[in-house]
Amino acid sequence: MQFDSINAFFAMGGYGFYVWLSYGVSALMIALLIFMSCRSHKKTKEQIAKRYHRENKLREAAKKQAEQQTQSQAELLEEPHESTS
Amino acid sequence: MWKWLHPYAKPETTYHLTGRLIPWFSYLSIILLTIGLVWALLFSPADYQQGDSFRIFYIHVPSATLSMGIYVGMAIAALCSIVWQLKLADASAAAMAPIGAVFTFISLVTGAAWGKPMWGTWWIWDARLTSQLILLFLFLGVIALHNAFEDKVMAGKAAGILTLVGVINIPIIKYSVEWWNTLHQGATVSKMGKPSMTLDMLWPFIFSYMGFIFLIVVITCIRFRTEILARNGMRQWVRDLAVKGES
C-alpha cells in the first residue's frame, strides 16, 4: 500500500484532481459506450420485430381482402343462375 | 483451413458464436481490469520524477496504443470488405469505429490531464498530440460515413476508403516522438530490449492493458452482432430472433 490514509489516497500527492479526472472521464466514457451499444442492439431488434409484425398484418389484410373479393365475385356469378332456374 | 473457416463466414453462426463468447470475455476483462487498476492506484510506487501523477499512465498508454490497434483492425476489415466483398468484414469495421473514437478521446483527455501538471499546459500543437487528434477525426469521419447512406454496402465502401487512406496516420503517430522534437516523452514500455520500468510498475500495466484488450473485444462483439442484425433484417433467422426477443 502506497498511501497512509484515505485522504492521502484521494490527494494523490497533490495530483488528485488530474488523476481522478483521468480515471473519471475514462470510466464515464466506457460506461456510456457500453450502455449505447447495448441499447442500439435492443433497438435494432425491436425495429426488426416491428417491421415483421407490420408486414404480417399487411399480408393478412391483403389475404382477407382477396378472399372477400373472390367470394363476392362468386356470388355475383351464382345469382343469375339461381334466378333463371 | 478454408473449409474449416467457411461456416464462420455465415452471419448466423458468427452471431451465435460471439453471443456465447461475450460473457467469458467480460469476466476476463473485469477481473484483469480490477487487478490492474487497483494495483496501479494503490500499490504501484509513485514515479521518482512525476510523483503520483504517473498513475495516469496506466490508462493513458493502453487507451492510446489500443486506439491505434483498433484503427489497424478496422483498416484490415475494411480492406477485406473492399477486396473480397465480405459482408461480415464490413459489419466488423462499422462496429469498431465508435470504440476507437472513444479510446482515442480517452487518450487525449488523460494526456491533457497528465500534461497540465507535468508540462504546464493542457494542450500543445506538437506532432504526437496533433496526429492523435487527427486519428480522432478519422474515426469520427468513418462513423459519419457509415451513417450517411441508407444503403449499407455503399456506406461501407465510402467509409472503407477513408479508413484505408487514413492508415498513413498510424506510423506518423507511432514515430512522431522520434521524427520531431516534441514535448511528449518517448516510448516507455516497448523500448527495444528491456522496458525502462521497474517490475512493480510493469505488472499492473500489463494487467490493465490485457483488461482493456478484452474490454474492447467484448464491446466489439456487442456492436458487431447489432450490425449483423441490421444488415440481415429480412432473413428468417433474424426475424425469429427479433420476435422472440431473446438476446
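**Exercise 1.** In which helix of chain B is the place of B:Ile35? Then work out how exposed B:Ile35 is.

*Solution.* Start with the ground rules: this is a predicted model, where local features need pLDDT of at least 70, side-chain atom pairs count only at pLDDT 80 or more, and totals for chains, interfaces and linings use all residues. Residues are numbered from 1 along each chain as its sequence is written, chains are lettered from A and ligands numbered from 1 in written order, and side-chain values use heavy atoms, without hydrogens and water.

Step one: B:Ile35 sits in helix H2 (residues 11-43) of chain B; helices are DSSP runs (H or I, at least four residues) numbered from the N terminus.

Step two: the relative accessible area of B:Ile35 is 36%. Buried is under 20%, exposed over 50% and partly exposed in between (1.4 Å probe, protein chains only), so B:Ile35 is partly exposed.

**Exercise 2.** Find which residues line the largest cavity.

*Solution.* A cavity is a set of points on a 1 Å grid over the protein atoms alone where a 1.4 Å probe fits but cannot get out; lining residues have an atom within 4 Å of a point.

Step one: there's one cavity of 30 Å³ or more, and the largest has a volume of about 40 Å³, meaning the space filled by probe spheres set on the points, which are joined across faces, edges and corners.

Step two: its lining is B:Ala78, B:Ser81, B:Asp90, B:Ala93, B:Val142, B:His146, B:Gly156, B:Ala159, B:Gly160 and B:Thr163.

Step three: H6(B) gives the most to this lining, with four residues.

Notes. 1 Å grid on protein atoms, 1.4 Å probe; cavity = no way out; pocket = protein on both sides within 12 Å on 5 of 7 lines; lining within 4 Å. Helix = DSSP H or I, 4+ residues; strand = E, 2+ residues; numbered from the N terminus.
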